[in-house]
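Here is a friendly tour of one protein chain, residue by residue. Take a look at the sequence and the structure, and keep them open as you read.

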Amino acid sequence: QVQLVESGGGLVQAGGSLRLSCAASGSISRINDMGWYRQAPGKQRELVARITSGGYTNYADSVKGRFTISRDNAKKMEFLRMNSLKPEDTGVYYCNAYVERQYHSGFGLYWGQGTQVTVSS
């Protein structure tokens, strides 16, 4: 089994900062791409940022220059540093990762349960 668990969400005023963390655990052999998505009420889930195993990153246009994704391969964790937060950043933030399980071949996509981020104006 593989689990992803997010933490670090909360309520913050506009202009503030938050740091989200996502920890992967279980019978993991390798982790490939990792990412953060968010879903606002009444909207579809959208990509926020993603990072490859080699550290290459890309971001949604709406968060470029404000958010930074990173990862710690040894700890099997990824992070999302969010600065200059805006009310439109409000939503449930989900981490995901492509994971190859021990004694299995191929990568499967796994998701965390989500953490709420609320930005007040």
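## R38 and its neighbours

Leaving out residues up to four places away in sequence, R38 touches Q44, R45, E46, V48, S62, V63, F67, E88, D89, V92 and Y93; a contact here means heavy atoms within 4.5 Å. This is a predicted model, in which local features need pLDDT of at least 70, side-chain atom pairs count only at pLDDT 80 or more, and totals for chains, interfaces and linings use all residues. Residues are numbered from 1 along each chain as its sequence is written, and side-chain values use heavy atoms, with hydrogens and water left out.

You will find R38 in strand 4, residues 28-39. Strands are DSSP runs (E, at least two residues), numbered from the N terminus. Is R38 buried or exposed? R38 is buried, because its relative accessible area is 6%. The cut-offs are under 20% relative accessible area for buried, over 50% for exposed, and partly exposed in between (1.4 Å probe, protein chains only).

The side chain of R38 makes a polar contact with the side chain of D89 at 2.9 Å, and another polar contact, also listed at 2.9 Å, joins the side chains of R38 and Y93. A polar contact is a pair of N or O atoms within 3.5 Å; within protein, one must be able to donate a hydrogen and the other to accept it, and residues adjacent in sequence count only if both atoms are side-chain atoms. R38 and Q116 are 78 residues apart in sequence, yet their C-alpha atoms are 9.2 Å apart in space.

## Salt bridges

How many salt bridges does a search of the whole structure find? The search finds 5, where a salt bridge is a side-chain nitrogen of Lys or Arg within 4 Å of a carboxyl oxygen of Asp or Glu. One of them joins R66 and D89, with the closest N and O atoms 2.8 Å apart. This pair links distant parts of the chain, 23 residues apart: R66 sits in the loop between strand 6 (57-59) and strand 7, and D89 in the loop between strand 8 and strand 9. R66 counts as buried because its relative accessibility is 11%, and D89 is buried, with a relative accessible area of 1%. Salt bridges that share partners join R38, E46, R66 and D89 into one network.

Another salt bridge connects E100 and R30, whose closest N and O atoms are 2.9 Å apart. That pair also links distant parts of the chain, with E100 in strand 9 (residues 91-101) and R30 in strand 4, 70 residues apart. E100 is buried, at a relative accessible area of 10%, whereas R30 is at 46% and so counts as partly exposed. D61 forms a salt bridge with K64, and their closest N and O atoms are 3.1 Å apart. D61 is exposed, with a relative accessible area of 65%.

Side chains alternate along strand 7 (residues 67-72).

Strand 7 runs antiparallel to strand 8 (residues 77-82), and 6 bridges join them; two strands pair if DSSP finds at least two bridges between them. T68, for example, has R81 in strand 8 as its bridge partner. The hairpin of these strands has 4 residues between them, and K76 takes a positive phi near 60° there.

Most residues other than glycine have a negative phi. S84, which is not a glycine, has a positive phi of about 50°. S84 lies in the loop between strand 8 and strand 9 and is partly exposed, with a relative accessible area of 41%. Y103 is not a glycine either, and has a positive phi of about 65°. Y103 is in the loop between strand 9 and strand 10, and counts as exposed because its relative accessibility is 82%.

## T115

T115 lies in strand 11 (residues 115-120) and is buried, with a relative accessible area of 13%. The side chain of T115 reaches the backbone nitrogen of G9 at 3.3 Å. Leaving aside neighbours within four places in sequence, T115 is in contact with residues including E6, L20 and Y93.
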